[in-house]
Amino acid sequence: MRDHESFDYLIVGAGSAGCVLANRLTEDAATTVCLFEAGPRDKNMLIHIPAGFIRMMFHPTYNWMFMSPPDPNMKGRQTYVPRGKTLGGSSSINGMIYMRGHRRDFDEWADLGNAGWGYDDLLAYFRKSEHNENYNDGKVHGREGPLNVKYLDSPNPLNHVFLEAVESLQKRRIPDFNAGENEGFGIFQVTIKNGRRHSLANAFLHPAENRANLKVLANAQVRRIIIEDGRATGVEINAGGETRRIHAAREVIVSAGAIQSPQLLMLSGIGDGEELRKHGIEVKRALAGVGHNLQDHISAPVHFMSPRITSYGISIPALPKIAWHFLLYGIARKGMLGNNIVESGGFIRTRPGLDRPDVQHIFVPTHQGKPGRLLAWGHGFRITCVLVRPKSKGRIGLSSASANDPPVIDFRFFSDPEGADIDTLVRGIKDARRILMAPAFDYYRGPAVWPPEKVQSDEELRDFVREVSSTIFHPVGTCKMGKDDMAVVDDRLRVRGVAGLRVIDASIMPTITTGNTNAPVIAIAEKGADMVKADARAALRAAA
Ligand SMILES: Cc1cc2nc3c(=O)[nH]c(=O)nc-3n(C[C@H](O)[C@H](O)[C@H](O)COP(=O)(O)OP(=O)(O)OC[C@H]3O[C@@H](n4cnc5c(N)ncnc54)[C@H](O)[C@@H]3O)c2cc1C
């Protein structure tokens with residue numbers, strides 16, 4: 001085993017958070033960083049063409065394609081869990097919706113005792129990361145950051161039909177989902193630049209890769225964090241079949257995402273002592289919360305076929321249109337291939353007395369074929385109803401002591417004792433049905449696919465939800481930040497009781513945000529980078 005290289009910081013995982021950290025920490029030329037990514041470089045062109053998202057959702061090279069175990073609450077079904085496995089991580093395969101969440105999401109983190117994590121604190125970091133093409137107010141949006149955010153130039157026309165339907169029901173239109181309050185309906189902002197996906201690799205990593213103080217190792221899986229005398233001193237990696245150790249002069253930062261960060265901590269001896277011993281892993285630091293508190297956004301579709309070819313979709317009559325759009329994209333990077341498919345939607349409160357929305361509607365102008373798929377032969381449209389404030393919590397466990405084996409992803413959807421989660425989703429479905437049954441859709445609406453028309457009562461709808469629901473891929477919370485016994489990191493994102501080790505990614509969220517999770521992860525990483533730098537300066541001062 002080779003064992004000689006040393007860097008100030010080792011970052012595990014070149015996903016949304018890892019790319020931001022690699023860029024920000026190497027802004028100081030005197031700081032050295034090595035970034036490890038288990039997957040290959042992001043060379044495939046389908047990563048960069050926005051509509052290529054449909055393929056990336058199931059691409060075995062660039063996607064971990066995990067499966068959960070069968071879940072009795074989902075009629076014994078397994079849940080598909082795509083995760084990015086390339087530079088950019090999940091931001092290289094995601095739906096590109098830019099959604100910060102509701103201000104209460106972050107104020108709640110602060111209320112839980114996490115100093116400096118309220119909405120006003122994080123707003124500075126949302127702004128810092130962003131180059132918004134459409135807003136230049138200086139207060140809510142940023143113009144100087146690396147991440148391009150914009151409205152699509154030409155969303156599918158059915159999005160406007162959707163918004164007409166919404167307005168006909170006297171529902172609120174919202175000018176900007178990203179201004180702290182997100183209740184209402186509108187077109188989403190997206191992370192796309194010049195017709196190409198603006199993944200975090202494209203926005204933050206590639207522009208920094210020519211820095212002499214940054215080394216990026218793709219196809220390099222970290223198998224274990226080395227912990228000596230209560231301190232993380234390096235990592236053991238497997239790259240090209242060879243096992244190597246790399247030394248961290250200052251810190252190891254784990255940014256492997258909400259599924260794999262807890263797995264890596266456990267493989268390294270940090271976690272629930274009982275679970276670790278069960279797999280023959282030596283306990284370096286007992287921390288009961290590692291892997292617990294798993295939260296995700298579960299969803300169910302309301303879906304109609306369409307006799308028109310307006311939706312995205314493949315059919316003989318649509319072939320000339322499709323050919324034209326390929327040409328248009330080739331010439332000008334415009335048209336449907338430059339769009340992200342999930343282009344509009346909204347947030348609603350399904351009952352009075354809530355302090356923020358509990359359901360997100362995502363309008364998708366495609367025929368889905370099967371639940372969980374994005375596109376199939378034919379035309380149609382749907383609303384994906386998403387439970388954005390779930391009460392049920394799951395857990396990441398180990399299937400073995402080997403980094404080659406996937407973790408156990410036990411979501412425990414709909415396990416909350418009051419059954420509030422499934423009831424909320426049922427109310428969301430009823431609302432979505434009203435929208436898609438509005439006269440604005442009369443010209444476009446064919447037969448109902450999901451739920452079938454005969455499914456009407458709450459009991460039938462609950463059954464339908466258990467039959468077809470799937471996640472929209474936002475797992476968070478499995479190394480939560482906090483002060484209680486189940487917290488894994490403190491509010492400076494340091495792993496409790498292990499020196500020189502932080503977790504900075506989606507797993508530190510104590511509670512899930514009201515909306516898609518990429519933008520919050522980016523803000524977390526921006527703030528995390530500032531904390532790492534500040535702590536390094538403080539340590540230098542103390543040593544002087
Ligand atoms: C299909 C899909 C669609 C989505 N759509 C949207 C959307 O439209 N809008 C939105 O806001 N959010 C969306 N999300 C969620 C969003 O992309 C994620 O919340 C965010 O990217 C998570 O960032 P992260 O840094 O925590 O983890 P990731 O970006 O997943 O990064 C983790 C990285 O670590 C690597 N890694 C893991 N283990 C190791 C190891 N041991 N050694 C080395 N490397 C390792 C992984 O390969 C990966 O590259 C979507 C996610 C998916 C999967």
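Student: Which atom of Met96 lies 3.1 Å from an oxygen atom of the ligand?
Tutor: A backbone N or O atom of Met96 sits at that distance from the ligand oxygen. Keep in mind that this is a predicted model.

Student: Okay, and which residues come nearest to the ligand?
Tutor: Ser16, Glu37, Ser90, Thr517 and Asn518 come nearest, out of 38 residues around the ligand.

Student: How far is the side chain of Ser16 from an oxygen atom of the ligand?
Tutor: An N or O atom in the Ser16 side chain is 2.7 Å from a ligand oxygen. For Thr517, a side-chain N or O atom is 2.8 Å from an oxygen atom of the ligand.

Student: New topic: where is Val190?
Tutor: Val190 belongs to strand β9, which covers residues 189-190.

Student: Is Val190 buried or exposed?
Tutor: Val190 counts as buried because its relative accessibility is 0%, and the cut-off for buried is under 20%.

Student: What is Val190 in contact with, leaving aside its neighbours within four places in sequence?
Tutor: Its contacts are Met96, Tyr98, Asn148, Val149, Lys150, Leu152 and Asn340. Met96 is also the residue with the backbone atom 3.1 Å from a ligand oxygen.

Student: And how far apart are Val190 and Met99?
Tutor: They are 91 residues apart in sequence, while their C-alpha atoms are 8.4 Å apart in space.

How values were computed: Residues are numbered from 1 along each chain as its sequence is written. This is a predicted model: local features need pLDDT of at least 70, side-chain atom pairs count only at pLDDT 80 or more; totals for chains, interfaces and linings use all residues. Side-chain values use heavy atoms; hydrogens and water are left out. Helices (H or I, at least four residues) and strands (E, at least two) are DSSP runs, numbered from the N terminus. Buried means under 20% relative accessible area, exposed over 50%, partly exposed in between (1.4 Å probe, protein chains only). Contact means heavy atoms within 4.5 Å. A residue is near a molecule or strand if one of its heavy atoms lies within 4 Å of it. A polar contact is a pair of N or O atoms within 3.5 Å; within protein, one must be able to donate a hydrogen and the other to accept it, and residues adjacent in sequence count only if both atoms are side-chain atoms.
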